[in-house]
Amino acid sequence: MAKLNCDNCGVCCSTVGSPPFIDDEVKNLPIDLQNQVFELGYSSDSNSLKPCYWWDASTKKCKHHSHRPQVCKDFETGGIICIKQREFYNIEQTPIEEVA
């Protein structure tokens, strides 16, 4: 299976609306990010018509990548959901390496 390049994509962030934190993940964030998340909200519901507010549309990257929720860390680049979303949004599927 080819590993896909995430540069200039962000499709996984395109419909979550807010960082999809679960359980006690928020309490492990730096206090300024905790405040932002509590002020703007968070949800494990991934059905939104808006991109995550942590996603930077100009750079197409997460503004707080090192503090992203576990579900974001676990998102399988090149997995079926990734591929289907890339097809739907007509985003090029550029492989960066072959994975055995």
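**Exercise 1. How many aromatic pairs does the structure hold? Classify two of them by geometry and exposure.**

Start with the ground rules. This is a predicted model, with residues numbered from 1 along each chain as its sequence is written; local features need pLDDT of at least 70, side-chain atom pairs count only at pLDDT 80 or more, and totals for chains, interfaces and linings use all residues. Side-chain values use heavy atoms, with hydrogens and water left out.

Step 1. The structure holds four aromatic pairs. Rings of Phe, Tyr and Trp (its six-membered ring) pair if their centres lie within 6.5 Å; planes under 30 degrees apart are stacked, over 60 edge-to-face, the rest tilted.

Step 2. Take Phe21 and Trp54. Their centres are 5.6 Å apart and their planes 80 degrees, an edge-to-face pair. Phe21 sits in the loop between S1 and H1, and Trp54 in the loop between H1 and strand S2 (55-56), so the pair ties together parts 33 residues apart in sequence. Helices (H or I, at least four residues) and strands (E, at least two) are DSSP runs, numbered from the N terminus.

Step 3. Check exposure. Buried means under 20% relative accessible area, exposed over 50%, partly exposed in between (1.4 Å probe, protein chains only). Phe21 is buried at 3%. Trp54 is buried at 2%.

Step 4. Now take Phe88 and Tyr89. This pair is also edge-to-face: 5.0 Å centre to centre, 85 degrees between the planes. Phe88 is exposed at 66%. Tyr89 is partly exposed at 38%.

Step 5. Look for a cluster. Phe21, Phe38, Tyr42 and Trp54 form one.

**Exercise 2. Where is confidence lowest, and where highest?**

Step 1. The protein's mean is 85, and 89% of its residues reach 70 or more.

Step 2. Go by element. Strand S4 (residues 95-98) is lowest, at a mean of 66. Helix H1 (residues 31-40) is highest, at 94.

Step 3. Apply the caution. Where pLDDT is low, predicted coordinates should not be read in detail.

Note on methods. pLDDT is the predictor's confidence in each residue, from 0 to 100.
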